Amino acid sequence: MSGLILPRRQLIARAGGLVAAAGTLPLLAGCDAINEAPLTRKILSMGEEMNRASQRALIDRDALAREFSRADLSPVFRSNGTKLPAGDAYARHAATGFADWRVAVTGLVAKPLALSMADIRAMPQRSQITRHDCVEGWSAIGEWTGVQLSRILAAAGLKDRARYIVFRCADRIGDALYYESCDLVDALHPQTIMAWALNRELLPIANGAPLRLRIERQLGYKHAKYVTGIEAVASLDGVGAGKGGYWEDRIDYEWYAGI
Ligand SMILES: Nc1nc2c(c(=O)[nH]1)N[C@H]1C(S)=C(S)[C@@H](COP(=O)(O)O)O[C@H]1N2
Ligand SMILES: [Mo]
């Protein structure tokens with residue numbers, strides 16, 4: 001059996017075993033031996049690192065995600081997670097067509113920006129028909145229109161120390177506003193866009209109005225909706241609990257959710 005088709009847990013256990021074979025740590029008995037013991041957790045996280053590194057080596061991260069034709073569009077593009085951000089502020093924005101919505105571009109940039117939707121629509125636009133894959137087991141094909149994130153970052157002028165882009169959202173889930181992040185490979189990828197239209201209509205509220213991220217080489221939870229902020233940082237340490245995303249910090253979703 002090829003290592004590539006092993007379930008992730010087993011792959012990690014194996015990677016842990018390889019580390020152990022190198023002589024520093026006791027061998028794991030097998031994937032059934034995984035538990036919450038600190039040493040096991042340490043081996044797991046080392047395995048996780050190796051898994052991530054090997055994924056990166058295997059995947060050409062600049063490659064384009066497949067684009068489809070209009071005949072392939074899903075009849076309904078469903079929504080997931082937040083479908084309507086709570087609170088008066090968002091309701092007022094929605095009632096006024098998001099005329100006063102601003103996207104703050106901050107952090108390690110030469111020129112911080114506060115972009116209106118009109119500013120964003122005045123930039124060169126890109127449309128792409130892509131498939132969205134949610135970890136919960138559904139997919140949908142939609143046509144997205146918006147501005148490439150690379151153009152926004154170029155307008156703000158990324159500083160040399162910038163390594164990651166953090167996306168801040170308007171919706172609260174439980175204890176925190178939703179947030180996500182990516183590295184510069186994905187941030188500057190041509191299909192990574194800040195989208196304001198779905199299927200040639202203004203983005204529905206359920207799908208993230210007025211602006212959401214499309215990061216086509218990654219799974220659904222990376223595609224931040226209701227974006228209020230784009231922040232360039234040198235490290236993810238100071239973002240949430242440090243794993244780079246709302247779900248990464250709360251459940252075991254991977255930060256690099258490549259597809
Ligand atoms: N702000 C915000 N972004 C979010 C979510 C969310 O709950 N809040 N859910 C994520 C998940 S899990 C998925 S699958 C997609 C769903 O996008 P859709 O509602 O347009 O289908 O948005 C992602 N981005
Ligand atoms: Mo999802």
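**View 1. Strands β5 and β10 run antiparallel.** Strand β5 spans residues 164-173 and strand β10 spans residues 227-233, and six bridges join the two. To find one place where these strands face each other, look for I165, which stands opposite A232 in β10.

**View 2. R61 and D183 meet in a salt bridge through their side chains.** The distance from N to O in this pair is 2.9 Å. R61 belongs to the loop between α2 (38-58) and α3 (88-95), whereas D183 belongs to strand β6, so the pair ties together parts of the chain that are 122 residues apart in sequence. Are these two residues buried or exposed? Both R61 and D183 are buried. The pair also takes part in a network of salt bridges, in which R61, D183 and D186 are linked.

**View 3. E67 forms a salt bridge with R126.** The closest N and O atoms of the two residues are 2.7 Å apart. Because E67 lies in the loop between α2 and α3 and R126 lies in strand β3, which covers residues 126-134, the pair ties together parts that are 59 residues apart in sequence. E67 is partly exposed, with a relative accessible area of 35%, and R126 also counts as partly exposed, at 22% relative accessibility.

**View 4. R250 and D175 are joined by a salt bridge.** Here the closest N and O atoms are 3.2 Å apart. Since R250 lies in helix α7, formed by residues 246-250, and D175 lies in the loop between β5 and β6, the pair ties together parts that are 75 residues apart in sequence. R250 counts as partly exposed at 33% relative accessibility, whereas D175, at 58%, counts as exposed. As a general point, side chains of opposite charge can pair when their charged atoms come close. A search of the whole structure finds 11 salt bridges.

**View 5. The whole chain has seven helices and 10 strands.** Of the 259 residues in the chain, 46% are buried. Among contacts between residues at least 6 apart in sequence, 67% join residues at least 24 apart. The chain exposes about 12,800 Å², and carbon and sulfur atoms supply 56% of that area.

**View 6. Over residues 1-36, pLDDT stays under 50.** For this stretch the model has 44 contacts beyond four places in sequence. Where pLDDT is low, the predicted coordinates should not be read in detail. Across the chain, the mean pLDDT is 86, and 78% of the residues reach 70 or more.

Conventions: Residues numbered from 1 in each chain as written. Chains lettered and ligands numbered in written order. Predicted model: local features only at pLDDT ≥ 70, side-chain atom pairs only at ≥ 80, totals over all residues. Heavy atoms only, no water. Pairing = 2+ DSSP bridges. Helix = DSSP H or I, 4+ residues; strand = E, 2+ residues; numbered from the N terminus. Buried < 20%, exposed > 50% of the residue type's maximum accessible area, 1.4 Å probe, protein only. Contact = heavy atoms within 4.5 Å. Areas by Shrake-Rupley, 256 points an atom, 1.4 Å probe, with all protein chains shown as cover. Salt bridge = Lys/Arg side-chain N within 4 Å of Asp/Glu carboxyl O. pLDDT = per-residue confidence, 0-100.
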